[in-house]
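Visitor: I'd like a close look at just one part of this model, please. Pick a spot and show me who sits next to whom.

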Amino acid sequence: MEIFSKRKFKLTTLFMTLIATSVLLTTFILLFASYQSEKKSLTNTYLSLNSSKSDKLSSSVNFLFKSMRISLQETAKFLKENPDMTDEEIQEHLELLRKNSRFFNSLSWIDEAGLVRDIAPITVGLKGEYISGITKDVVDAKKPMLTAPYKAPSGRMIVLMSEPFFDSDGNYRGIIGGSIYLHKQNVLNEILGNDIIDENGSYYYVIGPNGELLFHPDSKRIGDIITGNPIISKLIQGQSGIESVTNTKGVPMLAAYSYIPEIGWGVVQQTPVSYVDGLLKKHIQNLLLTILFPFIILLVVSLSFARKLAKPFIDLADVVNQFSSDQKIQPPVFKSHWNREADLLTKSLIIAIEAVENNNNLLIEEAMTDALTGLPNRKKLNKVMSYIAHDGQLFSLVAIDIDRFKIINDTYGHQAGDEVLKFLAKTVQSLLQKKDCFFRFGGEEFILLLPETKALEAYYLTEKIRTTIANTISPVGKPITISSGISEFPFHSDSLDELFLFADKALYLSKENGRNKTTIWEHD
């Protein structure tokens, strides 16, 4: 450090170094921004594609199983209306139905005692035998059922769909059962095409209601339980969605999952993150090749410009250096253009600094503003609240949440949900004073910060907001309602984290007490 402090650098060297560094950093920032933008775009694209495919598959499977159920119902109805049919005629009917519909690998009539009266194809070899285990449980249930995968008496891994069979007098005569062999060819396998993996490594699999694999590109894994995968638990709960996830093999995936309501199964379509990373790598390589020549030209021009830019200041430094000599200093005679260049450079620097500051201020403001509603966001809330609390001012914190917002999204769509959020923001702002601050905290939750306002005053204002919202037609064509919770600083707590917690608990009480309410936090 001492060596550097004693060494003096020429202004030309400093300018050239600065320009070269700026060009290099600009190029790096360009590459980084392009990488991030392309990564986000590719991730969203493959998540959307996977979501579309999983939705189509789940819809197809859902329709297929509805058709299977109708087929069994029609068979049970036919047998009920034709009580004089012999076992041989029923056997022929089942054989004909199985071949024509191709829904099931086998069809059977199992009577109320568990005896296999007829089965198609007859080669299954169970006719005349008594069943046990899960199949017997299905017979005893006397209701329509779809089992989880299990090993049948024939030794096959199957899923059994059953329809109870009653005669014309209402007597229970057993079940009409359709078996789907998970390891054999059938209509379900044809729809799923479970042995296909895309060139990019994308593939899909199907899980049962207990998290067991029903279909997978690796047929050896059929029957495995994979509840360790985080999205499987969501599917078991009947949810659908998209997210980045690491599967049970430790491989990062871009996954979309769709629930099949008719049968309680789920379809997962996923693409390896490594494939997207490979595309990103190629993108950066192509970008580097594209900008290499312009980059060299820009660097050479910039260095040349730096040399010319430094020359008038070097000349001025030579003049100033005369102060160290004993000779009489002769005032330099500058031509007007030199003074003008120095003046313009100073002005340009000032303008550049102002531009950077304005851009930074704009970026900071954008970072603290919610893009949808135009309200300040959580970052801005934390900043404002910390400032007010540090100043020791009294204020009230109101947590506001739209009641049953998920139903609005599910019923009217997310675009309508966005309009509801903007409607709430605009309505609340119209009821506030200049000193009051309204923030979007996240999702359908908002925060109202009321400086110099006690909890009771905040309650009256919040009630005014609540009733106004409840009596105003929203963008979905009818009023919505909100629930709110209030805490006061420093009366309830001088800790901002606790203040948030108390307001949130009060909001929860409003929800618990029927929604469309305002609650002030009270200590136990």
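**Around Met68**

Guide: Leaving out anything up to four places away in sequence, Met68 touches Phe103, Phe104, Met161 and Ile180, where contact means heavy atoms within 4.5 Å. Bear in mind that this is a predicted model, with local features needing pLDDT of at least 70, side-chain atom pairs counting only at pLDDT 80 or more, and totals for chains, interfaces and linings using all residues. Numbering runs from 1 along each chain as its sequence is written, and side-chain values use heavy atoms, with hydrogens and water left out.

Met68 is part of the largest nonpolar core, which has 35 residues. (Such a core is a set of buried Ala, Val, Leu, Ile, Met, Phe, Trp, Tyr and Cys residues joined through side-chain atoms within 4.5 Å; buried is under 20% relative accessible area with a 1.4 Å probe, protein chains only.) Alongside Met68, the members touching the most others are Phe65, Phe104, Leu188, Leu192, Phe215 and Trp265. Helix H2, residues 11-81, supplies the largest share of this core, with eight residues. (Helices are DSSP runs of H or I, at least four residues, numbered from the N terminus.) Apart from this core lies another one of 27 residues, including Val420, Leu421, Leu432 and Leu450.

Gln91 counts as buried because its relative accessible area is 9%. Setting aside neighbours within four places in sequence, Gln91 is in contact with Asp118, Ile119, Ala120, Ile122 and Lys127.

Terms used: Buried means under 20% relative accessible area, exposed over 50%, partly exposed in between (1.4 Å probe, protein chains only). Helices (H or I, at least four residues) and strands (E, at least two) are DSSP runs, numbered from the N terminus.
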